[in-house]
Amino acid sequence: MTASRDDRLGAWLAGDRGQGLKRDIARDLAEDADFAARAGELLVIERLLGRATQADDDEGAFAREVGRQLDAPDSGRRFAQAVHRRIFLPRSMLRAAALVMIGLLAATMWTWHQRGNADADADADADESTIAILRPGTARCELSSGTSPGDWIVVAGVRTLHRRDNLRVTDSPADISYADGTVLTLLPGTEVGVDDLSGAKNVRIASGSLSAEVAKQPSDRPLVLTTPHARVEVVGTRFTLAVTARDSTLAVSDGAVRLITGIGTTLVARGGSARADSEGAFVMRTEAAGGPVEAGTEVVRRFDIAAGATPSQWSQGRVVAKPDGSGGNCLASDVDEAISPGMMAACAVDWRSGLFRHAADDQLQFDMRTPPGAERLIVWFYDSTSDRGFYAIIPTPGASTWSRATLRLSAFAADDRRPEGIRPGDLLSFLRFSVEPKPSEPFHLDQVRIVRIPPPNSAPP
Amino acid sequence: MSDPLPAWIIAARAGDTQAFVRLVEACQAGIRAYLSARLSDRHAADDLAQNAFIISYRRLAEFRDGESFPAWVRGIAHNLLRNHLRSRQAQTPTQDAGSLSILDDQAERMADRHDEQRLVETLRSCLAKLPDDQRQLVHARYVSEQSIEELCKSVGCKHSAMTMMLHRVRMRLRACVNDHLTEAAP
């Protein structure tokens, strides 16, 4: 009996690899374009079946394996160990000794080769140049060098630090001193990695706390501190940064420090502090609300929310409680924006000329005081130009103290889940703040404003 | 909630491998599906995907903020795949029975037309609709990775009958996937 095209294709897809079968299938594919297209689709199905039948937990295992490889000691050492294991197998000791020599030579050459390749990649590989001095004082410090990560050695006395060195302090404080006078004081229990990226000081804080006294840095090469939750850029100031598994808290005692997360950027000034959590959201606490404000365009002057419905001072819109108690509406001219009963809200609206036109890097800044029970604040904008809504959610401090938040508008998410955000030039006509779950006491907003930061290196007006 | 990838990228750039592991978790399905659709060896596809992520970690400084991270890694994976196919071609003699370039070209066209991750998800929903006996066969072949000979022994049929049974399953799945994709087309 003669096999059909599908028989042959089925055998091929199942793994049969005879030269005759290959020739026949090649002819089948060449003769019939439809069959060829169908065969291609079946081959993709065959290839993806292995993926489609994989268990969900395989995905986590794959990612962990990538992480394990990144954390593993350098492959040059592993290669040397593999050579070492192999060369002790021969029976003759003499032969073994000779092979050891050859193996070590090969491993050394291979390691050099690897180092050369890595350099050619122009990646941030460790080099031997000193970037700072470690002054442990009486502290017990352990160091894992950039050239042999994972091997921790106890450090006694002053020593130099090089790129990609990691350091952990176990008891009393230790200082890292830079040539320009910048000093980072690591508190006990702190683990950091130091680096130098194109002349910029770079410190990664895995856990613990440090305080810093930073000499003036070049504006294009600030000292950068990175935590699992945020990035801190310092041009020159005094501050402390505490990192836990849950969040990172920055407190500034002099100057100003910029805190950057995936959601936005905030400038923490003298006397202020800010906390960034694992979601990238942050809240900022100031010593007193209503203090000096940065240059910017005020959109909303001031309003408080009383009894969850009516702002006491509101120039553009007002939230009116529905008579049946099912929530409230934001009313202004022809607007009737529903507020659900599960939230407490305030709003601003101007349908005719809009609240403002968005410029790149615009930030919405406001001070808030939320009562216990309110877990999150949702800020929502309506973009008249694109006829779409955009929102940001931030956790509330959960205490009756004032805190300041600064949100980058370009980081707002779209209601319709489309990737494009608010575009520069778009007219924003409606702004709503709401807290959820609805608290029993009112929440307060103050100093609601759009802060427009001039681009770097732009000439002063 | 906004996209967490930028924060993870910032942390990974500073050497936080755990943040990078989160990035891998978020992006791996698409990269692995992309490579799997173009390689017959699933394990080789996973090796390439792993290399793509490791290279992307080393080159994070080159990643431009604001661009799509998955698309960037996919570009790296594409280059690795091209090198892999080239070196395989160089290693095997011209009379090699293991490749059929026309078929590979057709498969590539099919994969290019669709998002591979979506193909995998559609395939999953189609697998759930298979009759029990065919689903068990798929499980034995692709999860337990039984050879055709082992399958023949357990079912009690000839080699050619088994390859045809598997082929009928593929054809049914292909029809189901095409129906889904046609329905979903705008």
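**Polar contacts between A and B.** I looked across the interface of chain A and chain B and got 15 residue pairs in polar contact, both residues at pLDDT 80 or more. A polar contact is a pair of N or O atoms within 3.5 Å; within protein, one must be able to donate a hydrogen and the other to accept it, and residues adjacent in sequence count only if both atoms are side-chain atoms.

**Ground rules.** I'm working from a predicted model, where local features need pLDDT of at least 70, side-chain atom pairs count only at pLDDT 80 or more, and totals for chains, interfaces and linings use all residues. Residues are numbered from 1 along each chain as its sequence is written, chains are lettered from A in the order in which they are written, and side-chain values use heavy atoms, with hydrogens and water left out.

**Salt bridges.** Next I looked up salt bridges (a side-chain nitrogen of Lys or Arg within 4 Å of a carboxyl oxygen of Asp or Glu). There are four between chain A and chain B. One I noted joins A:Arg51 to B:Asp46, with the closest N and O atoms 2.8 Å apart.

**Contacts and area.** I then checked contacts (heavy atoms within 4.5 Å): 61 residues of chain A touch 70 residues of chain B. Buried area (accessible area, 1.4 Å probe, that two parts lose on being put together, summed over both) comes to about 6,200 Å², and carbon and sulfur atoms give 63% of that. On the chain A side, A:Arg47, A:Arg51 and A:Phe62 lose the most area to chain B, together 13% of what that side buries.
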